[in-house]
Amino acid sequence: MIRGALLIALAAMLWATTGIVAKFLFTGTELEAITLGFLRLVVALPFFWLLMRREQRRLQRANPGQPVPGSSLRHLSRKALVPLAALGLFQALYQGSYLLAVDLTGAGIATLIALCLPPVFVALLAAPLLGEKPGLLTVLSLIAAIVGTAMLVLSDMDTTGTLRLAGILIALLAAMMYTGFTLTSRYSSAGTPVFTTAFICFFTAALILFPVVWLSGGFEGLKTLGVQHWLMVTYIGVVPTCIGYISFFSGMQTTPATLSSIIVTLEPLFVALLAWVFLGEILGPIGIAGALILTAAVIVASRYGGKPGTGTEADTGK
């Protein structure tokens, strides 16, 4: 179990580098956030295609001569494809809003808001939507999350001397999109295999983002990218997205779901640390206290906020 926990922690650390590398791209080029979100999906898709095909072949060998859901894209019913398409929509909206929040604010505060609030929101909304009744600790964790977020905003105002309201609101939008993604993946009971789900989700998200990037002139920013910038884009698509994903699911095989959900909350803290080291972003005493309160709220929500969802909900949003 220790090896599994370390693999999940590695995944959280790899995911944390996304916002840091993205910030370097935004400050060194004219690349738009939504364009980077699209490119990240495009780079990752071939790898998820290979993983999906490997997964499908394994299912076919385990069930020779039988049509197994997910063992081929042809075997997926419309009932299974609809929630997967919805996941792709939430994925597209999350990718664009999260990276835009990183661009408008800092990588640390954007990630703390965008990734710490969803587990608390899910724990609360799962009651009316999925029948998962929240307890007193869940409600208290929601209050703590709101307090922690407010402290982060106050700290950001104190260290930057201004209220970056647009970036904070976009980070909140990203949190809501990730909440929708998680609830949709919990609602879906199609039992589609992990990498088939990931490929269809990412492919749908890329299809949605392409016309948006095209019509908004987002591809114009590609002219400002040098070789080192393209390497950064490739890094985001391969390392935190693909390798992080594989590391997470390898760790999940031997790690209890509750423990894994708690370990994943290390990601925002990794981001805050990396943002301080590489970007000079400082949360300040109030911000650090707010980050700790927010993280504690996430741990409580993950531990007591209802049943864990499917495997995809904790990672494909990264």
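**Exercise 1. How far does α7 reach from its first C-alpha to its last, and what follows this helix?**

Step 1: α7 has 22 residues and reaches 32 Å from its first C-alpha to its last. Step 2: Compare that with the 32 Å expected at 1.5 Å a residue, to which the reach is close; the expected span is 1.5 Å times one less than the number of residues. Step 3: After α7 comes G217, with a positive phi near 75°.

A word on the source: this is a predicted model, in which local features need pLDDT of at least 70 and side-chain atom pairs count only at pLDDT 80 or more, while totals for chains, interfaces and linings use all residues. Residues are numbered from 1 along each chain as its sequence is written, and side-chain values use heavy atoms, with hydrogens and water left out.

**Exercise 2. How many helices and strands does the chain have?**

Step 1: Helices (H or I, at least four residues) and strands (E, at least two) are DSSP runs, numbered from the N terminus. Step 2: By that rule the chain has 11 helices and 0 strands.

**Exercise 3. Which residues line the second largest pocket, and which helix supplies the largest share?**

Step 1: A pocket is an open set of points on a 1 Å grid over the protein atoms alone, where a 1.4 Å probe fits, with protein on both sides within 12 Å along at least five of seven lines; lining residues have an atom within 4 Å of a point. Step 2: The lining consists of L51, R54, E55, R58, V194, F195, I246, F249, S250 and Q253. Step 3: α2 (33-62), α7 (194-215) and α8 (227-252) each give at least two of the lining residues, and α2 has the largest share with 4 residues. Step 4: The pocket's volume, the space filled by probe spheres set on the points, is about 270 Å³.

**Exercise 4. Is G37 buried or exposed, and which residues does G37 touch?**

Step 1: Find G37 in helix α2. Step 2: Buried means under 20% relative accessible area and exposed over 50%, with partly exposed in between (1.4 Å probe, protein chains only). G37 has 0%, so G37 is buried. Step 3: Leaving out residues up to four places away in sequence, G37 touches Q95, L99 and L209, where contact means heavy atoms within 4.5 Å. Step 4: G37 and L209 lie 172 residues apart along the chain, with 8.1 Å between their C-alpha atoms.
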